[in-house]
Amino acid sequence: MVRVLRSFIQSVLKLVNSVIGMAGLAMILYSAWMIRVWQRKMGDLPFGHDSDYPPPWFIYTFLGLGAVFCVVTCLGHVAAETANGCCLYLYMVFVVLLLMLEAALTVDVFVNQDWEKDFPKDPSGSFDQFKNFIRSNYDICKWVGLFLVSVQGLSLLLAMILKALGPHQYYDSDDEYAPDRVPLLKNAPPQYVVVDPGYAHGNEAWNRVSGKVK
């Protein structure tokens, strides 16, 4: 029963964890689109050190968050497949840190009326476009954000349950199964050995000769 429950939790954790990975891929693709827009507008990539413009921090942040989401997804799949305690602990730590970061940003936006002043000016204009998009589609973005946070919370809960169930039990020795095999050995038919008659007579003659020599 525990083995079946563990396999079910592992499958659900992989499925839920895939949602986080898809969110990370979407953020990376959106960052790639913003980089392309910056290149068309400025004539060079935003990663150059000799640029006359300040670094586009919003592109860097969005790309970094997408990469972190993908790394957490890979770690979650490894932890779900192996049910290893160390991998599960590390996965839970990353998910908790993501939830804390998202909670801090949410509180700052809803509590602080001048929250826009907490962020530096974005030379690419992507931050203003993203902000206007959220304001014009607030209901949809709200449900998407709540869904993503719920998925992260569910993945954290599943990882805790999987950690409590423990890893798979592997048997390296056949001694564990010896008691189950004993009744079969007791009921096994007797074994007979067929000996060649010529070999038996030759052996008896040899014993006689050896006795006379002694």
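Contact means heavy atoms within 4.5 Å. This is a predicted model, in which local features need pLDDT of at least 70, side-chain atom pairs count only at pLDDT 80 or more, and totals for chains, interfaces and linings use all residues. Residues are numbered from 1 along each chain as its sequence is written, and side-chain values use heavy atoms, with hydrogens and water left out.

**Exercise 1. The fold**

Task: State how many helices and strands the protein chain has, and describe its contacts.

Solution: 
- Step 1. Find the elements. Helices (H or I, at least four residues) and strands (E, at least two) are DSSP runs, numbered from the N terminus.
- Step 2. Count them. The protein chain has seven helices and zero strands. Its pattern along the sequence is α-α-α-α-α-α-α.
- Step 3. Look at sequence distance. Take the contacts between residues at least 6 apart in sequence: 75% of them join residues at least 24 apart.

**Exercise 2. The cores**

Task: Find which residues have the most contacts inside the largest nonpolar core.

Solution: 
- Step 1. Buried means under 20% relative accessible area, exposed over 50%, and partly exposed in between (1.4 Å probe, protein chains only). Of the 214 residues of the protein chain, 26% are buried.
- Step 2. Define the core. A nonpolar core is a set of buried Ala, Val, Leu, Ile, Met, Phe, Trp, Tyr and Cys residues joined through side-chain atoms within 4.5 Å.
- Step 3. Read off the answer. The largest nonpolar core has 23 residues, and Leu13, Phe69, Tyr91 and Leu162 have the most contacts inside it. Two or more residues of this core come from each of α1, α2, α3 and α5.
- Step 4. Check for another. A second, separate core has 11 residues, including Met27, Met42, Phe62 and Phe127.
- Step 5. Zoom in on Phe69. Beyond its neighbours within four places in sequence, Phe69 contacts Ile20, Ala23, Gly24, Leu98, Glu102, Leu148 and Gln152.

**Exercise 3. From loop to helix**

Task: Find where Ala83 lies and how far apart the C-alpha atoms of Gly85 and Lys163 are.

Solution: 
- Step 1. Locate Ala83. Ala83 is in the loop between α2 and α3. Ala83 counts as buried because its relative accessibility is 3%.
- Step 2. Check its backbone. Most residues other than glycine have a negative phi. Phi of Ala83 is near 55°, a positive value.
- Step 3. Move to Gly85. Gly85 is in helix α3. Gly85 is partly exposed because its relative accessible area is 22%.
- Step 4. Read the distance. The C-alpha atoms of Gly85 and Lys163 are separated by 6.1 Å, with the two residues 78 apart along the chain.
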